[in-house]
Amino acid sequence: MAESQLACETRSLIPYLDLKAQYQSIKAEVDAAVMKVLESTEYVLGSEVAAFEAEFAAYSGAAHGIGVNSGTSALHLALLAAGVGPGDEAITVPYTFVATTAAIRYTGATPVFVDIDPVTYMIDVAQIEAKITPQTKAIVPVHLYGQCCDMDPILEIARRHGLAVIEDAAQAHGAEYKGRRAGSMGDMGIFSFYPGKNLGAYGEGGLVTTNNPEHDRQIRMLRNWGTEQRYFHKLKGFNYRMEGIQGAVLRVKLRHLEKWTEARRANAAIYTELLRGVVTPVALPGRRHVYHVYAILTKDRQAMTERLTAKQIQFGIHYPQPIHLMEAHADLGYKPGDFPVSESIAEQVLSLPLFPEMTREQQRSVSDTITPDLQN
Ligand SMILES: *Cc1c(COP(=O)(O)O)cnc(C)c1O
(Lines give C-alpha, C1' and ligand atoms only; values in the text may rest on other atoms or scores of the structure.)
Protein backbone atom coordinates (compact mmCIF):
# COMPACT_ATOMS: atom_id res chain seq x y z
CA MET A 1 0.00 0.00 0.00
CA ALA A 2 2.57 2.54 1.10
CA GLU A 3 4.88 1.66 -1.78
CA SER A 4 2.20 2.13 -4.39
CA GLN A 5 1.09 5.39 -2.78
CA LEU A 6 4.55 6.82 -3.21
CA ALA A 7 4.93 5.57 -6.76
CA CYS A 8 1.47 6.33 -8.13
CA GLU A 9 0.97 9.79 -6.76
CA THR A 10 1.20 11.54 -10.12
CA ARG A 11 -1.39 9.31 -11.80
CA SER A 12 -4.33 10.39 -9.65
CA LEU A 13 -6.38 13.53 -9.75
CA ILE A 14 -6.07 13.77 -5.98
CA PRO A 15 -3.06 11.93 -4.60
CA TYR A 16 -2.92 10.51 -1.08
CA LEU A 17 0.08 12.71 -0.47
CA ASP A 18 2.11 14.95 -2.76
CA LEU A 19 5.83 14.45 -2.21
CA LYS A 20 6.62 16.01 -5.57
CA ALA A 21 4.96 19.33 -4.69
CA GLN A 22 6.79 19.30 -1.37
CA TYR A 23 10.16 18.68 -3.02
CA GLN A 24 9.54 21.48 -5.53
CA SER A 25 8.92 23.88 -2.65
CA ILE A 26 12.31 23.15 -1.02
CA LYS A 27 14.32 22.01 -4.04
CA ALA A 28 17.08 24.61 -3.84
CA GLU A 29 17.76 23.94 -0.15
CA VAL A 30 17.63 20.16 -0.51
CA ASP A 31 19.79 20.02 -3.62
CA ALA A 32 22.48 22.16 -1.98
CA ALA A 33 22.43 20.01 1.18
CA VAL A 34 22.74 16.78 -0.80
CA MET A 35 25.59 18.17 -2.93
CA LYS A 36 27.42 19.14 0.24
CA VAL A 37 27.30 15.54 1.45
CA LEU A 38 28.49 14.23 -1.91
CA GLU A 39 31.49 16.60 -1.75
CA SER A 40 32.23 15.79 1.90
CA THR A 41 32.17 11.99 1.35
CA GLU A 42 30.42 11.60 4.72
CA TYR A 43 28.03 9.07 3.24
CA VAL A 44 27.32 7.10 6.42
CA LEU A 45 26.73 8.89 9.76
CA GLY A 46 28.99 11.97 9.77
CA SER A 47 28.41 15.61 10.66
CA GLU A 48 25.02 16.08 8.98
CA VAL A 49 23.59 13.06 10.82
CA ALA A 50 25.09 14.26 14.13
CA ALA A 51 23.60 17.73 13.64
CA PHE A 52 20.22 16.26 12.72
CA GLU A 53 20.25 14.01 15.80
CA ALA A 54 20.79 17.02 18.08
CA GLU A 55 18.19 19.14 16.26
CA PHE A 56 15.51 16.45 16.22
CA ALA A 57 16.10 15.57 19.90
CA ALA A 58 15.69 19.27 20.79
CA TYR A 59 12.55 19.48 18.63
CA SER A 60 11.11 16.49 20.51
CA GLY A 61 12.11 17.73 23.96
CA ALA A 62 14.51 14.83 24.55
CA ALA A 63 18.15 14.98 25.64
CA HIS A 64 19.53 12.51 23.08
CA GLY A 65 18.72 11.37 19.54
CA ILE A 66 20.32 8.42 17.77
CA GLY A 67 19.82 8.23 14.00
CA VAL A 68 19.32 4.82 12.41
CA ASN A 69 18.25 3.38 9.07
CA SER A 70 14.52 2.88 9.80
CA GLY A 71 11.83 3.21 12.43
CA THR A 72 11.80 -0.57 12.74
CA SER A 73 15.54 -0.60 13.54
CA ALA A 74 14.97 2.20 16.06
CA LEU A 75 12.37 0.12 17.88
CA HIS A 76 14.52 -3.01 17.75
CA LEU A 77 17.44 -1.18 19.37
CA ALA A 78 15.27 0.62 21.95
CA LEU A 79 13.85 -2.74 23.05
CA LEU A 80 17.36 -4.24 23.32
CA ALA A 81 18.54 -1.22 25.34
CA ALA A 82 15.57 -1.76 27.68
CA GLY A 83 16.84 -5.30 28.24
CA VAL A 84 14.01 -7.01 26.35
CA GLY A 85 15.03 -10.45 25.09
CA PRO A 86 14.07 -14.12 24.77
CA GLY A 87 11.53 -15.25 27.35
CA ASP A 88 10.35 -11.68 28.01
CA GLU A 89 7.04 -10.11 27.11
CA ALA A 90 6.29 -6.63 25.76
CA ILE A 91 2.78 -5.22 25.85
CA THR A 92 1.44 -3.44 22.76
CA VAL A 93 -1.61 -3.26 20.49
CA PRO A 94 -2.65 -5.49 17.56
CA TYR A 95 -3.96 -2.42 15.73
CA THR A 96 -0.79 -0.74 14.40
CA PHE A 97 1.66 -1.14 11.53
CA VAL A 98 3.20 -4.63 11.61
CA ALA A 99 6.66 -3.21 12.44
CA THR A 100 5.71 -2.68 16.09
CA THR A 101 5.14 -6.42 16.56
CA ALA A 102 7.98 -7.46 14.26
CA ALA A 103 10.58 -5.48 16.22
CA ILE A 104 9.46 -7.06 19.49
CA ARG A 105 9.84 -10.48 17.90
CA TYR A 106 13.34 -9.65 16.54
CA THR A 107 14.51 -9.52 20.18
CA GLY A 108 13.13 -13.01 20.87
CA ALA A 109 10.46 -11.59 23.19
CA THR A 110 6.73 -12.24 22.84
CA PRO A 111 4.31 -9.42 22.01
CA VAL A 112 1.30 -9.43 24.33
CA PHE A 113 -1.65 -7.57 22.87
CA VAL A 114 -4.09 -5.22 24.57
CA ASP A 115 -7.17 -4.16 22.59
CA ILE A 116 -7.72 -0.55 21.55
CA ASP A 117 -10.13 2.09 22.77
CA PRO A 118 -13.13 2.39 20.39
CA VAL A 119 -12.89 6.20 20.22
CA THR A 120 -9.14 6.85 19.87
CA TYR A 121 -8.15 3.46 18.31
CA MET A 122 -5.16 3.46 20.70
CA ILE A 123 -4.26 1.21 23.62
CA ASP A 124 -7.12 0.78 26.11
CA VAL A 125 -5.28 1.79 29.25
CA ALA A 126 -7.84 0.09 31.52
CA GLN A 127 -6.89 -3.31 30.06
CA ILE A 128 -3.10 -3.07 30.48
CA GLU A 129 -2.64 -4.25 34.07
CA ALA A 130 -4.49 -7.54 33.54
CA LYS A 131 -1.87 -8.44 30.88
CA ILE A 132 1.20 -7.88 33.09
CA THR A 133 3.01 -11.09 34.11
CA PRO A 134 6.38 -11.74 35.80
CA GLN A 135 7.85 -11.91 32.26
CA THR A 136 6.65 -8.44 31.21
CA LYS A 137 9.57 -6.07 30.57
CA ALA A 138 8.13 -3.20 28.56
CA ILE A 139 5.03 -1.39 27.32
CA VAL A 140 5.10 -0.09 23.74
CA PRO A 141 2.26 2.42 23.32
CA VAL A 142 1.68 3.47 19.69
CA HIS A 143 0.80 7.14 19.06
CA LEU A 144 -1.49 6.15 16.22
CA TYR A 145 -2.21 8.49 13.29
CA GLY A 146 -0.28 11.32 14.98
CA GLN A 147 -2.06 11.63 18.33
CA CYS A 148 -0.43 10.71 21.66
CA CYS A 149 -1.71 7.86 23.81
CA ASP A 150 -2.94 8.64 27.33
CA MET A 151 0.61 8.65 28.70
CA ASP A 152 0.13 9.58 32.38
CA PRO A 153 -1.67 6.37 33.40
CA ILE A 154 0.65 4.29 31.17
CA LEU A 155 3.74 5.78 32.84
CA GLU A 156 2.18 5.29 36.27
CA ILE A 157 1.41 1.60 35.63
CA ALA A 158 4.94 1.10 34.26
CA ARG A 159 6.52 2.75 37.30
CA ARG A 160 4.50 0.62 39.69
CA HIS A 161 5.52 -2.60 37.93
CA GLY A 162 9.09 -1.63 37.04
CA LEU A 163 8.51 -1.72 33.27
CA ALA A 164 10.19 0.27 30.51
CA VAL A 165 8.00 2.46 28.30
CA ILE A 166 9.01 2.82 24.64
CA GLU A 167 6.82 5.22 22.69
CA ASP A 168 6.21 4.17 19.10
CA ALA A 169 6.09 7.72 17.74
CA ALA A 170 6.71 6.67 14.11
CA GLN A 171 3.57 8.60 13.10
CA ALA A 172 3.77 11.38 15.69
CA HIS A 173 6.59 13.85 14.99
CA GLY A 174 5.83 16.94 17.07
CA ALA A 175 2.64 15.55 18.65
CA GLU A 176 2.07 16.69 22.23
CA TYR A 177 0.47 15.39 25.42
CA LYS A 178 -0.12 17.96 28.16
CA GLY A 179 2.66 20.12 26.74
CA ARG A 180 5.16 17.26 26.42
CA ARG A 181 6.30 16.07 23.02
CA ALA A 182 6.04 12.54 21.66
CA GLY A 183 9.31 10.72 22.29
CA SER A 184 10.17 12.63 25.48
CA MET A 185 7.81 10.97 27.94
CA GLY A 186 8.79 7.31 28.08
CA ASP A 187 12.23 5.79 28.70
CA MET A 188 12.72 5.97 24.93
CA GLY A 189 10.78 7.02 21.85
CA ILE A 190 11.16 5.84 18.26
CA PHE A 191 10.49 7.72 15.03
CA SER A 192 10.33 6.73 11.37
CA PHE A 193 11.42 8.93 8.48
CA TYR A 194 9.95 6.72 5.76
CA PRO A 195 9.16 9.18 2.91
CA GLY A 196 5.41 9.17 3.57
CA LYS A 197 5.72 10.00 7.27
CA ASN A 198 5.15 13.60 8.47
CA LEU A 199 8.92 14.11 8.45
CA GLY A 200 10.18 11.92 5.61
CA ALA A 201 13.67 11.24 4.33
CA TYR A 202 14.49 10.69 0.65
CA GLY A 203 15.00 7.04 1.42
CA GLU A 204 14.74 5.13 4.71
CA GLY A 205 15.49 6.54 8.15
CA GLY A 206 14.61 6.35 11.84
CA LEU A 207 15.69 7.69 15.22
CA VAL A 208 15.57 6.84 18.92
CA THR A 209 15.02 9.61 21.47
CA THR A 210 15.91 9.23 25.15
CA ASN A 211 16.78 11.26 28.24
CA ASN A 212 18.90 8.40 29.58
CA PRO A 213 22.63 8.74 28.74
CA GLU A 214 23.22 4.99 29.25
CA HIS A 215 20.53 4.09 26.68
CA ASP A 216 22.03 6.71 24.36
CA ARG A 217 25.49 5.18 24.65
CA GLN A 218 24.27 1.61 24.20
CA ILE A 219 22.08 2.36 21.17
CA ARG A 220 24.95 4.30 19.52
CA MET A 221 27.07 1.18 19.86
CA LEU A 222 24.34 -1.26 18.77
CA ARG A 223 23.59 0.63 15.53
CA ASN A 224 27.26 0.49 14.54
CA TRP A 225 28.29 -3.15 15.09
CA GLY A 226 28.52 -2.78 18.87
CA THR A 227 31.66 -0.64 18.76
CA GLU A 228 32.89 2.60 20.24
CA GLN A 229 36.35 1.95 18.86
CA ARG A 230 36.58 0.56 15.35
CA TYR A 231 37.21 -3.21 15.15
CA PHE A 232 36.84 -3.68 18.93
CA HIS A 233 33.31 -5.02 19.29
CA LYS A 234 31.84 -4.80 22.80
CA LEU A 235 28.28 -5.79 21.90
CA LYS A 236 26.65 -8.02 19.30
CA GLY A 237 25.54 -5.09 17.20
CA PHE A 238 23.97 -4.35 13.84
CA ASN A 239 24.53 -2.25 10.74
CA TYR A 240 21.63 0.15 11.40
CA ARG A 241 23.46 3.42 10.64
CA MET A 242 21.72 6.46 9.16
CA GLU A 243 23.08 7.68 5.81
CA GLY A 244 24.64 11.13 5.49
CA ILE A 245 22.34 12.19 2.66
CA GLN A 246 19.28 11.32 4.74
CA GLY A 247 20.62 13.35 7.68
CA ALA A 248 21.18 16.35 5.41
CA VAL A 249 17.71 16.11 3.79
CA LEU A 250 16.05 15.65 7.19
CA ARG A 251 17.81 18.75 8.58
CA VAL A 252 16.39 20.83 5.74
CA LYS A 253 12.91 19.36 6.13
CA LEU A 254 12.91 19.71 9.93
CA ARG A 255 13.14 23.48 9.44
CA HIS A 256 9.78 23.35 7.60
CA LEU A 257 8.05 20.77 9.79
CA GLU A 258 6.12 23.10 12.09
CA LYS A 259 4.67 24.98 9.11
CA TRP A 260 3.69 21.69 7.43
CA THR A 261 2.22 20.32 10.64
CA GLU A 262 0.09 23.43 11.13
CA ALA A 263 -1.12 23.12 7.52
CA ARG A 264 -2.08 19.47 8.17
CA ARG A 265 -3.94 20.48 11.32
CA ALA A 266 -5.78 23.25 9.47
CA ASN A 267 -6.71 20.87 6.64
CA ALA A 268 -7.91 18.28 9.16
CA ALA A 269 -10.15 20.91 10.77
CA ILE A 270 -11.59 21.75 7.34
CA TYR A 271 -12.37 18.06 6.67
CA THR A 272 -14.04 17.70 10.04
CA GLU A 273 -16.19 20.73 9.25
CA LEU A 274 -17.06 19.46 5.74
CA LEU A 275 -17.75 15.91 6.92
CA ARG A 276 -20.41 16.56 9.53
CA GLY A 277 -22.32 13.37 10.23
CA VAL A 278 -19.31 11.16 9.39
CA VAL A 279 -17.26 9.50 12.15
CA THR A 280 -14.14 11.67 11.89
CA PRO A 281 -10.96 11.63 14.05
CA VAL A 282 -11.39 12.66 17.67
CA ALA A 283 -8.87 15.31 18.71
CA LEU A 284 -8.59 14.93 22.47
CA PRO A 285 -8.19 17.94 24.78
CA GLY A 286 -4.66 18.60 26.04
CA ARG A 287 -3.10 16.91 23.01
CA ARG A 288 -1.64 18.19 19.77
CA HIS A 289 -2.73 15.85 16.98
CA VAL A 290 -0.37 16.03 13.96
CA TYR A 291 -2.65 14.06 11.60
CA HIS A 292 -0.24 11.67 9.96
CA VAL A 293 -3.46 9.89 8.99
CA TYR A 294 -6.97 11.35 8.77
CA ALA A 295 -9.13 8.25 9.18
CA ILE A 296 -12.91 8.10 9.02
CA LEU A 297 -15.18 5.10 9.68
CA THR A 298 -17.61 3.75 7.10
CA LYS A 299 -20.05 0.84 7.28
CA ASP A 300 -19.77 0.26 3.54
CA ARG A 301 -16.11 0.67 2.73
CA GLN A 302 -16.39 -1.25 -0.52
CA ALA A 303 -18.89 1.20 -2.01
CA MET A 304 -16.99 4.21 -0.76
CA THR A 305 -13.63 3.09 -2.11
CA GLU A 306 -15.21 2.32 -5.49
CA ARG A 307 -16.58 5.86 -5.66
CA LEU A 308 -13.24 7.37 -4.66
CA THR A 309 -11.46 5.26 -7.26
CA ALA A 310 -13.92 6.31 -9.97
CA LYS A 311 -13.13 9.95 -9.18
CA GLN A 312 -9.38 9.20 -9.17
CA ILE A 313 -9.07 10.09 -5.50
CA GLN A 314 -6.41 8.07 -3.70
CA PHE A 315 -7.05 6.73 -0.22
CA GLY A 316 -5.41 4.44 2.32
CA ILE A 317 -6.60 1.80 4.74
CA HIS A 318 -4.61 1.90 7.97
CA TYR A 319 -5.04 -0.96 8.71
CA PRO A 320 -7.22 -3.61 7.05
CA GLN A 321 -6.02 -6.51 9.22
CA PRO A 322 -5.06 -6.47 12.89
CA ILE A 323 -1.75 -8.16 13.61
CA HIS A 324 -3.20 -10.99 15.71
CA LEU A 325 -4.99 -12.26 12.58
CA MET A 326 -1.98 -12.00 10.24
CA GLU A 327 -0.59 -15.13 8.69
CA ALA A 328 2.93 -13.98 9.60
CA HIS A 329 2.09 -13.96 13.31
CA ALA A 330 -0.32 -16.92 13.43
CA ASP A 331 2.18 -18.73 15.69
CA LEU A 332 1.23 -16.33 18.50
CA GLY A 333 -1.94 -18.42 18.71
CA TYR A 334 -4.62 -15.74 18.57
CA LYS A 335 -7.98 -16.17 16.84
CA PRO A 336 -10.81 -13.99 15.49
CA GLY A 337 -12.77 -12.44 18.33
CA ASP A 338 -9.75 -12.04 20.65
CA PHE A 339 -9.56 -8.26 20.11
CA PRO A 340 -13.04 -7.23 18.99
CA VAL A 341 -12.48 -3.47 18.88
CA SER A 342 -9.37 -3.81 16.71
CA GLU A 343 -11.24 -6.19 14.40
CA SER A 344 -14.26 -3.92 14.09
CA ILE A 345 -12.22 -0.76 13.40
CA ALA A 346 -10.09 -2.62 10.83
CA GLU A 347 -13.27 -3.39 8.86
CA GLN A 348 -14.54 0.19 8.82
CA VAL A 349 -11.53 2.47 8.68
CA LEU A 350 -10.62 4.57 5.63
CA SER A 351 -7.81 7.16 5.37
CA LEU A 352 -8.53 10.26 3.29
CA PRO A 353 -5.83 12.13 1.38
CA LEU A 354 -4.32 14.77 3.66
CA PHE A 355 -1.12 16.72 3.08
CA PRO A 356 0.12 20.24 3.76
CA GLU A 357 -0.14 21.33 0.13
CA MET A 358 -3.73 20.11 -0.29
CA THR A 359 -6.12 22.74 -1.61
CA ARG A 360 -9.59 23.55 -0.31
CA GLU A 361 -10.93 22.58 -3.73
CA GLN A 362 -9.37 19.12 -3.43
CA GLN A 363 -10.78 18.69 0.07
CA ARG A 364 -14.25 19.69 -1.05
CA SER A 365 -14.10 17.22 -3.91
CA VAL A 366 -13.12 14.42 -1.47
CA SER A 367 -15.90 15.34 0.93
CA ASP A 368 -18.50 15.51 -1.86
CA THR A 369 -17.51 11.98 -2.82
CA ILE A 370 -17.70 10.76 0.77
CA THR A 371 -20.93 12.32 1.99
CA PRO A 372 -23.52 10.67 -0.33
CA ASP A 373 -22.86 7.55 1.73
CA LEU A 374 -24.43 9.17 4.77
CA GLN A 375 -27.88 8.19 3.52
CA ASN A 376 -27.12 4.45 3.89
C1 LIG B 1 6.15 3.43 9.89
C2 LIG B 1 5.96 2.78 11.21
C3 LIG B 1 6.96 1.99 11.81
C4 LIG B 1 8.20 1.55 11.10
O5 LIG B 1 8.95 2.52 10.53
P6 LIG B 1 9.90 2.18 9.24
O7 LIG B 1 10.73 3.41 9.12
O8 LIG B 1 8.98 1.97 8.09
O9 LIG B 1 10.69 0.97 9.58
C10 LIG B 1 6.75 1.53 13.09
N11 LIG B 1 5.63 1.79 13.76
C12 LIG B 1 4.62 2.52 13.21
C13 LIG B 1 3.39 2.77 14.00
C14 LIG B 1 4.75 3.01 11.91
O15 LIG B 1 3.75 3.71 11.36
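Helix H3 covers residues 47-60, and it holds both Phe56 and Tyr59, 3 residues apart, or about one turn of the helix. Helices here are DSSP runs of H or I with at least four residues, strands are runs of E with at least two, and both are numbered from the N terminus.

Before going on: this is a predicted model, where local features need pLDDT of at least 70 and side-chain atom pairs count only at pLDDT 80 or more, while totals for chains, interfaces and linings use all residues. Residues are numbered from 1 along each chain as its sequence is written, and side-chain values use heavy atoms, with hydrogens and water left out.

Are Phe56 and Tyr59 buried or exposed? Phe56 has 0% relative accessibility and counts as buried; Tyr59, at 13% relative accessible area, is buried as well. Buried means under 20% relative accessible area, exposed means over 50%, and partly exposed is in between, using a 1.4 Å probe and protein chains only.

Now the second pair. Tyr271 and Tyr294 have ring centres 4.9 Å apart and planes at 35°, so this pair is tilted. Tyr271 sits in helix H9 (residues 257-274) and Tyr294 in strand S13 (residues 294-297), so the pair ties together parts that are 23 residues apart in sequence. Both Tyr271 and Tyr294 are buried.

The rule for pairs is this: rings of Phe, Tyr and Trp (its six-membered ring) pair if their centres lie within 6.5 Å, and planes under 30 degrees apart are stacked, over 60 edge-to-face, and the rest tilted. That rule gives 15 aromatic pairs. One of them is Phe56 with Tyr59, a tilted pair at 5.8 Å centre to centre and 35° between the planes. These two also belong to one aromatic cluster with Phe52, Phe191 and Phe193. Over the face of Tyr59 lies Arg181, at 4.5 Å from the ring centre; the cut-offs for a charge over a ring are NZ of Lys or CZ of Arg within 6 Å of the centre and within 35 degrees of the ring normal.

Last, strand S2, residues 89-92. Glu89 and Ile91 on one side, and Ala90 and Thr92 on the other, are all buried. Strands pair if DSSP finds at least two bridges between them. S2 runs parallel to strand S3 (residues 110-113), with 4 bridges, and parallel to strand S4 (residues 136-139), with 3 bridges. Glu89 has Thr110 as its bridge partner in S3 and stands opposite Thr136 in S4.
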